[in-house]
Amino acid sequence: MGSEDVDIALVMLCYKEGERVRQLVERAKKCLEERNLSYQIVLVSNYWSAEKDKDSSPRIIRDIASRDSTIAAVTLEKGGGCGWDLKTGLKEARAKTIAY
């Protein structure tokens with residue numbers, strides 16, 4: 001599906017969210033589907049190298065994305081703070097409209 005075919009891409013920052021990400025994704029999908037929108041959800045869980053093994057979020061969002069073609073996972077070693085994380089997610093977003 002090209003970006004011209006997707007109504008909205010939702011970029012969600014998931015740093016240190018752990019298992020809560022699963023519920024967040026389900027709620028977002030329900031909201032988008034109720035509005036009959038085609039969508040992409042971009043989950044961002046970048047990490048500091050020293051904390052890589054302490055945060056399960058990158059592994060969880062990769063798992064979610066592997067099971068759902070409407071979801072993309074961004075899990076990179078951090079190169080900055082929250083703004084940097086957002087930019088990495090926006091780069092992955094493919095839709096007519098992008099929200100975060």
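**Helix faces, cores and strand pairing**

Q: Which residues are exposed on the other side of H3?
A: The model is predicted: local features need pLDDT of at least 70, side-chain atom pairs count only at pLDDT 80 or more, and totals for chains, interfaces and linings use all residues. Exposed means over 50% relative accessible area, buried under 20%, and partly exposed in between (1.4 Å probe, protein chains only). On the other side of helix H3, the exposed residues are Lys87 and Lys91.

Q: Which residues of H3 are buried?
A: Residues are numbered from 1 along each chain as its sequence is written, and side-chain values use heavy atoms, with hydrogens and water left out. H3 spans residues 82–92; helices (H or I, at least four residues) and strands (E, at least two) are DSSP runs, numbered from the N terminus. Its buried residues are Asp85, Leu86, Thr88 and Gly89.

Q: Which elements do the buried residues of H3 pack against?
A: Packing is judged by contact, meaning heavy atoms within 4.5 Å. By that criterion, the buried residues of H3 pack against S1, S2 and S3.

Q: How are the buried residues of H2 placed on the helix, and within what arc?
A: Buried in H2 are Ser57, Pro58, Ile60, Ile61, Ile64 and Ala65, and these pack against H1, S2 and S3. They line one face of the helix, because seen down its axis they fall within an arc of 165 degrees.

Q: What is the relative accessible area of Ser57?
A: Ser57 is found in helix H2 and touches Cys14, Tyr15, Lys16, Glu17, Gly18 and Ser45, not counting residues up to four places away in sequence. Ser57 counts as buried because its relative accessible area is 0%.

Q: What is the length of the polar contact joining the side chains of Ser57 and Asp55?
A: A polar contact is a pair of N or O atoms within 3.5 Å; within protein, one must be able to donate a hydrogen and the other to accept it, and residues adjacent in sequence count only if both atoms are side-chain atoms. A polar side-chain atom of Ser57 lies 3.5 Å from the backbone oxygen of Cys14. Between the side chains of Ser57 and Asp55, the polar contact is 2.8 Å.

Q: How many residues has the largest nonpolar core?
A: Such a core is a set of buried Ala, Val, Leu, Ile, Met, Phe, Trp, Tyr and Cys residues joined through side-chain atoms within 4.5 Å. Those with the most contacts inside the largest one are Val21, Ile41, Leu43, Ile64 and Ile71. S1 (8–13), H1 (20–34), S2 (39–44) and H2 (57–66) each supply at least two of its residues.

Q: How many bridges join S2 to S3?
A: Two strands pair if DSSP finds at least two bridges between them. S2 and S3 (residues 71–74) run parallel, with Leu43 bridged to Ala73. The number of bridges joining S2 to S3 is four.

Q: Which residue in S2 stands opposite Leu13?
A: S1 and S2 are parallel and pair over six bridges. Opposite Leu13 stands Val44.

Conventions:
Arc of directions from axis to C-beta.
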